[in-house]
Amino acid sequence: MTQPEAGRQPRYKRILLKLSGEALMGSENFGIDPKVLNRMALEVGQLVGIGVQVGLVIGGGNLFRGAALSAVGMDRVTGDHMGMLATVMNALAMRDALERSNIPALVMSAISMVGVTDHYDRRKAMEHLRKGQVVIFSAGTGNPFFTTDSAACLRGIEVNANVVLKATKVDGVYTADPFKNPDAEKFDRLTYDEVLARQLEVMDLTAICLCRDHKMPLRVFNMNKPGALLNVVLGGAEGTLIEEVDND
Ligand SMILES: Nc1ncnc2c1ncn2[C@@H]1O[C@H](COP(=O)(O)OP(=O)(O)OP(=O)(O)O)[C@@H](O)[C@H]1O
Ligand SMILES: O=c1ccn([C@@H]2O[C@H](COP(=O)(O)O)[C@@H](O)[C@H]2O)c(=O)[nH]1
């Protein structure tokens, strides 16, 4: 695993890291690959070790997505509830992996789950972050018809994170989905309006609008590349940065 380079200070004090649920499957078709989970926990631990405050949101695509359940006949809202519960399961697995590596962590849920997780509370979340505990925000926004990308941007804005980092299966934003179009070209930087105008589907448009309206920078990078997360936090040019261009 990459070691922090001597003399490089973290660019961010507080980050909101969105981890792809789907990427947690590793090479399987469903569920959680413990090797991927443990590697991600160690990479998060490296950030905590250099003083970065980490809020986490984990997707649920390795277990359930409401849209996919609805496509095979289930009521959409019920499917979305199952998707949100899937994110709680991933969050519990991540807390466990972090704690096994002696990294203090807790799970907050947007849906009340007494005895299993804490309920989401912004002020308490910020207090835990200040103490260096990893706060895992689960159950998305608590509402159907949203995604965990939107939840990540929402929580990032709420807790005054410096950046939202989307760790996913592709190494940035392309002109089209690189899995479907091998000729797609990668962007190093984009503005929110360019993402919206070109309908680049790496994140849902609600998430992009939220970040644009609150001037929250976003970086999309590959979570399967060991050391990429640390490099991003140290200011490296991994993936694609989405932010407003300063014309002054
Ligand atoms: N223009 C694009 N550039 C990059 N990726 C794109 C683009 N359009 C679509 N994608 C797809 O978006 C995916 C990432 O978004 P998605 O929300 O599906 O995954 P995730 O956030 O990694 O998963 P989960 O929902 O499980 O957390 C990529 O894996 C890629 O296939
Ligand atoms: O605010 C939210 C967040 C998520 N959902 C449901 O959960 C699944 C899993 O999340 P992904 O972002 O797709 O990984 C999502 O498909 C929705 O069904 C939700 O309803 N509300």
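Is Met126 buried, partly exposed or exposed, and how many other C-beta atoms lie within 10 Å?

Tutor: The model is a predicted one, and the values below are computed from it. Met126 belongs to helix 4, which covers residues 122–130. Around Met126 there are 17 other C-beta atoms within 10 Å. A residue counts as buried with 20 or more such atoms and as exposed with 12 or fewer, so Met126, with 17, is partly exposed. Sequence and space may also be set side by side here: Phe145 is 19 residues from Met126 in sequence, while their C-alpha atoms are 27 Å apart.

In the unreviewed UniProt entry, the annotation "binding site" covers Lys18, Leu19, Ser20, Gly21, Gly61, Arg65, Thr168, Tyr174 and Asp177. These positions span 160 residues of sequence and are spread in space as well, with up to 23.6 Å between C-alpha atoms.

Lys18, one of the annotated residues, is placed in strand 1, residues 14–19. Lys18 has 31 other C-beta atoms within 10 Å and is therefore buried. When neighbours within four places in sequence are left aside, the contacts of Lys18 are Val57, Thr148, Asp149, Ala152, Val164, Leu165, Lys166 and Ala167.

The packing of two helices may be considered next. Such a pair is described by the angle between the two axes and the distance between them. Helix 1 (residues 34–49) and helix 3 (residues 76–100) have axes that come within 9 Å and cross at roughly 60°. The two helices are therefore oblique to each other, and their crossing is right-handed. On the side of helix 1, the residues that meet helix 3 are Leu37, Asn38, Ala41, Val44 and Gly45; on the side of helix 3, they are Ala93, Met94, Ala97 and Leu98. Sorted by class, this contact comprises 7 nonpolar and 2 polar residues, with no charged ones.

Definitions and conventions
Residues are numbered from 1 along each chain as its sequence is written. Chains are lettered from A and ligands numbered from 1 in the order in which they are written. This is a predicted model: local features need pLDDT of at least 70, side-chain atom pairs count only at pLDDT 80 or more; totals for chains, interfaces and linings use all residues. Axes are lines fitted to C-alpha atoms, for helices over the stretch in contact, and angles run from 0 to 180 degrees between N-to-C directions. Helices (H or I, at least four residues) and strands (E, at least two) are DSSP runs, numbered from the N terminus. Angles under 35 degrees count as roughly parallel, over 145 as roughly antiparallel, 65 to 115 as roughly perpendicular and the rest as oblique. A crossing is left-handed if the near helix is turned anticlockwise from the far one by less than a right angle, and right-handed if clockwise. Two residues are in contact if their C-beta atoms, placed from the backbone, lie within 7 Å. Ala, Val, Leu, Ile, Met, Phe, Trp, Tyr, Cys and Pro count as nonpolar, Asp, Glu, Lys and Arg as charged, and the others, Gly among them, as polar. UniProt positions are given in the numbering used here, feature names are shortened, and annotations may be inferred rather than shown by experiment.
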